[in-house]
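Welcome! Let us look at a structure together, one feature at a time.

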Amino acid sequence: MKKNLPLDEMLLKKGNEFKILFVKTMNLYLGSHVGAPISEKDKSARVRKQIEETLKKGE
Amino acid sequence: MLFSQIQIHNFLTFKGTNNLNFPDPKSTDHALLLILAANTAGKTSIIRALRFLFCDDPLNHPHELDKLINDGAASEASVNSTVNGWVQVKVFSPRGEMRTIRRRIEARCTSPGSLKFKDKVLEEERHQRSGDSFVTDQGEIQRALSLMVPPELFDYFFFEGEELASRLVGGKSSQGIKEGLSTLIQDHQWEEAVKSVRDIERKIGNDLNRLAGEHKEYQEMLGKLNFINTQVTRLTEEKAVYEKTRLVAENVYSKCEVDIQELSKGKSFEQLSRDLDSARSGLSKASKQIDDSDKEIGRLIGLSGGLTFYADGFDAAMRQLEVMRKENLLPADVSEGFVNRILKWPETQACICGRPLDPTANADQRSCIENYRERTMAVDLNHALLSLLNSLEIGAKSGFKTRAKNSITELNQALTGRDKAVLAQKDCQEKTAGLEEQRQHLSVEEIQRLQKEQRDANTSRLQCGEKLKAIDIALKNLGHDRVQLDAEMRGLNRGGVAGQIAKLIASQKKAKELADFIDEARTEVKNAFHSKLQDLVSQYYDPVAPDNSKAHVDRASLLPAIRVDGEVRRNIGGAQRQLLVLSHIVSLAQLRKWLHDELAKIDIAPGKIDEHCFVLDSVFGPVADQFREKCAEFLVGKARQVIVLVANQQWDQTVRSRLEKAANRVYRLVRHTSNEDLKPEERTMKFKQREIEVFSRIKASEKPYTIAEEVPL
C-alpha cells in the first residue's frame with residue numbers, strides 16, 4: 001500500500017475553517033448514504049439546505 | 001459485511017429450514033466455508049436466494065412470487081393453511097452489531113400443491129420484553145441491506161464463475177458492474193456534492209441580486225462602490241503594467257551602458273583621442289631627441305680630432321715606440337755630444353752611453369754600436385716620435401689615449417641617448433598605430449544608436465515614474481472615496497443590508513471555493529483508488545499469471561484487463577480471466593475498507609464498512625487443469641469470509657488437496673430425487689478419504705428437494 005489519500009495535505013493548505021466546512025459537507029453526502037438509495041428530493045430538501053446554512057453561517 | 005448464518009427455508013430447491021453457519025469472525029481472520037454439491041443440487045439457488053433477500057429481486061417471477069416457495073413444501077401443505085418461504089441472514093452490520101434480517105413470502109394453500117401469493121415481507125428480529133419477534137421494515141432495513149451489499153455489486157460479491165468473469169473482462173454488459181464499481185468510491189456522491197454546492201453558489205448569487213435590487217439607494221451606492229472597485233482594479237492593473245515597463249526601461253538603460261563600455265573597451269571615444277594625441281606627441285619628442293643626439297655625436301667627433309678613429313692603433317704604436325726607446329733609438333737627450341759620440345765612434349773608444357770602450361776587445365759591442373749608428377734617426381724625427389710617445393703615455397691628461405677614451409665615453413653616452421630615443425620613437429609609433437586602429441574600428445554609429453536607445457529608455461523610465469506617481473495619487477483618492485462611501489452605506493444600512501450583502505458575498509465566495517475543492521478532491525480520490533487497485537491486482541495476479549502477462553486496471557472504469565508487451569488485452573479466457581477476476585474481487589474488497597479508513601482519518605465517517613463475504617460458484621469450471629491448482633491456492637487466505645461452492649465434476653484431486661485442508665466448515669447439499677439413472681460416482685463426493693453422499697432417493701410421488709447438511713471435519 002504505497003499511496004494514501006492526499007486529502008489531508010490538500011486540506012492543510014486550506015486551513016481549519018475550510019476543513020470543517022468540507023468535512024461537514026462530505027459527511028452529509030458520504031456519511032449516512034453510502035451505497036444506499038436516497039432520493040434526489042431528500043438531498044435537495046435536506047442536505048442542500050444544511051450546506052447552505054453552514055455556508056451562510058460562515059462555519 | 002460478514003455472515004454469521006444464512007438460513008433458507010422452503011425456498012427454491014431448499015425444503016425445510018437449512019442453516020449454513022459460519023465460524024465466528026473473531027476466531028479466524030480468513031474463513032473458508034466449503035459447500036459440496038451435485039450439479040443439480042441447488043448451488044446457484046443459494047446465490048439466487050441471497051439476491052432475493054438483498055436486492056428484493058423477484059427472480060423471474062414478479063407476478064407469481066409464490067413460485068419461489070419450494071414445491072415440496074407446497075405439496076405437503078394442507079388446504080387453506082399458510083405457507084412461508086424465506087431467506088434469512090444473521091450478519092454483522094457495519095456498526096458491528098448482529099442483525100437478523102429476512103425476506104419472507106407468505107402464501108396460502110388453495111388446493112393440494114397449489115399456492116396463492118399473499119404477502120412479501122422484509123423483517124428484522126428485535127429483542128423485546130415480550131420476547132424476540134420480527135418487525136416489518138419501514139425503509140431502514142432495506143437501506144441497511146443496500147448499504148451492506150450495493151445492488152450494483154451483488155454479482156460482484158456473489159460471483160457466478162463464467163458469467164461475471166466474461167462481463168468484467170470481456171466488457172459485455174459491463175455497464176452495471178462499472179457503475180457498481182464507481183459506487184465503491186462513491187463517485188456519484190462526490191459528483192452530487194459538487195453539483196449541489198454549485199447550485200447553492202448560484203442561489204446565493206440570486207439572493208444577492210434580489211437583495212441589492214430591493215434597495216435602490218443602496219444599490220446606487222453599491223454601483224458607485226463597484227465603479228470605484230473597477231477603477232481600483234483597472235488602475236492597479238495599469239500600475240502593474242507601468243511598473244513592468246519601468247523595470248524594462250531600467251534594464252535597457254543599464255544594458256546600453258554596459259554595451260557602450262564594451263564597444264569602446266572601457267574607454268570613450270574622447271579618451272581614445274586624447275590617448276592618441278599623447279602618443280603622437282611622444283613620437284615627435286622621440287624624433288627630436290634622435291636629431292639632437294645625432295648633432296651631439298657630430299660635435300663630439302669634431303672635438304675628438306679624429307683620435308677616436310685611431311684609438312685602436314694607439315696601443316700598437318705605443319708598444320713599438322717603447323721598444324725603440326728601450327733600444328735607445330729614441331734617446332731622451334739627443335744632444336750634440338751624444339750625436340758626436342755616435343758619429344766619432346770608434347775613435348772615441350767609448351760607448352754611446354759615454355763609458356770607455358775597448359774597440360779591440362769586444363767585437364759584438366762594436367757591431368752593436370755600428371748597427372745603432374745606422375738605425376739612428378734624424379733629430380726632428382726623433383723629437384716627433386718622442387713627442388708622440390709622450391702623448392700616448394697613460395695618465396697624461398692631455399694624452400691621446402686619455403683624450404680618445406674621454407671622447408669615446410662621451411660618444412657612447414650620446415649613442416645610448418640616441419638608442420633610447422629610437423626605442424621611444426618605436427614604442428610611440430606602435431602605440432599610435434594601435435590607437436589609430438582602435439579609433440578606426442570603434443563603431444561610432446553603434447555607440448550613437450546605443451546612446452539614443454539609452455536616452456529613450458531613460459525617457460520611458462521617467463515617464464513611467466510620472467505615471468506611477470499619478471496612479472498612486474488616483475488610488476489614494478479612490479481609497480479615500482471608498483472609505484467615505486462605505487461610511488455612507490453603513491449609515492444607510494438601517495436594515496442590515498450591507499451586512500447581509502457582505503455575508504452573502506462571503507458565502508458565495510466560500511461556496512465556489514468549496515465546490516472547486518470537492519471537485520479536485522474527487523479526482524484525487526479516484527486517482528489514488530485506481531493507483532492502489534492497480535498495485536493490489538498486480539500484486540495478486542502478476543506472480544501467478546500463466547504467460548508473463550501483467551494486470552491492467554482501466555483508469556476510468558476500474559475494470560480489469562491484462563497487458564502483454566505494452567498492449568492492453570481484454571479478450572482473454574480460461575485461467576487468465578479467472579485469476580484476474582479473483583485478484584480484482586479480492587483487491588477491491590480490501591480497498592473499499594481502505595477508502596473508508598482514509599476518509600475517516602479526516603473525520604468523514606461514512607460508517608464502518610467491514611471486509612466482505614464472497615460467495616464463489618463454479619470458479620473452477622472454466623479453468624484448464626493446470627490452473628485449477630493456482631485458483632484453488634488463490635482462494636485461501638485472501639478475504640475474511642469466502643464461500644466456495646463446488647460441483648462434483650470440479651472436485652478433483654488438485655482442488656481437493658488445496659481446499660480440504662483450508663476449509664473451516666464444510667456443508668453438503670443433498671439432492672433428494674427419485675431419479676434412478678444416476679451413476680454411482682455421481683452420487684458421492686470425496687472428502688478427506690470419505691465418500692460423502694450428495695444424492696438421496698425419495699419416492700417417485702415426492703417432489704425433489706435439497707437439504708443442506710454440515711459435514712464433520
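Predicted model: local features only at pLDDT ≥ 70, side-chain atom pairs only at ≥ 80, totals over all residues.

Q: How do strands hold on to one another in a sheet?

A: Strands of a sheet pair through backbone hydrogen bonds, and the pairing can be parallel or antiparallel. Strand 14 of chain B lets you see both kinds. With strand 3 (residues 31-37) of chain B, the pairing is parallel and has five bridges.

Q: Which strand pairs with strand 14 of chain B in the antiparallel sense?

A: That is strand 18 of chain B, residues 705-711, and seven bridges link the two. Find Arg668(B) and you will see Glu709(B) of strand 18 of chain B opposite. Then there is strand 17 of chain B, residues 695-697, which runs parallel to strand 14 of chain B and is joined to strand 14 by three bridges. Here Thr673(B) faces Arg697(B) in strand 17 of chain B.

Q: What is the order of the strands in the open sheet of three strands in chain B?

A: The order is 9-10-11, and the pairing is antiparallel. Strand 9 (550-553) and strand 11 (567-569) of chain B are at the edges with a single partner strand each, so each has one side without a neighbour in the sheet. On average, neighbouring strands of this sheet are turned by 45° against each other, direction ignored.

Q: How many bridges join strand 9 to strand 10 of chain B?

A: Four bridges join these antiparallel strands, and strand 10 of chain B covers residues 560-564. To find your way, look for His552(B), which sits opposite Ala561(B) in strand 10 of chain B.

Q: Now for the loops: which loop holds Leu12(B), and what is its phi?

A: Leu12(B) lies between strand 1 (2-11) and strand 2 (14-21) of chain B. Its phi is near 50°, a positive value in a residue other than glycine.

Q: Is Leu12(B) buried or exposed, and why?

A: Leu12(B) is buried, because 23 other C-beta atoms lie within 10 Å, and the cut-off for buried is 20 or more.

Q: And what about Gln689(B): buried or exposed?

A: Gln689(B) counts as exposed, because it has 6 C-beta neighbours inside 10 Å. This residue sits in the loop between strand 15 (684-687) and strand 16 (690-693) of chain B. Gln689(B) is not a glycine, yet its phi is positive, at about 70°.

How values were computed. Residues numbered from 1 in each chain as written. Chains lettered and ligands numbered in written order. Pairing = 2+ DSSP bridges. Axes fitted to C-alpha atoms, helices over the stretch in contact; angles between N-to-C directions. Buried ≥ 20, exposed ≤ 12 C-beta atoms within 10 Å, placed from the backbone.
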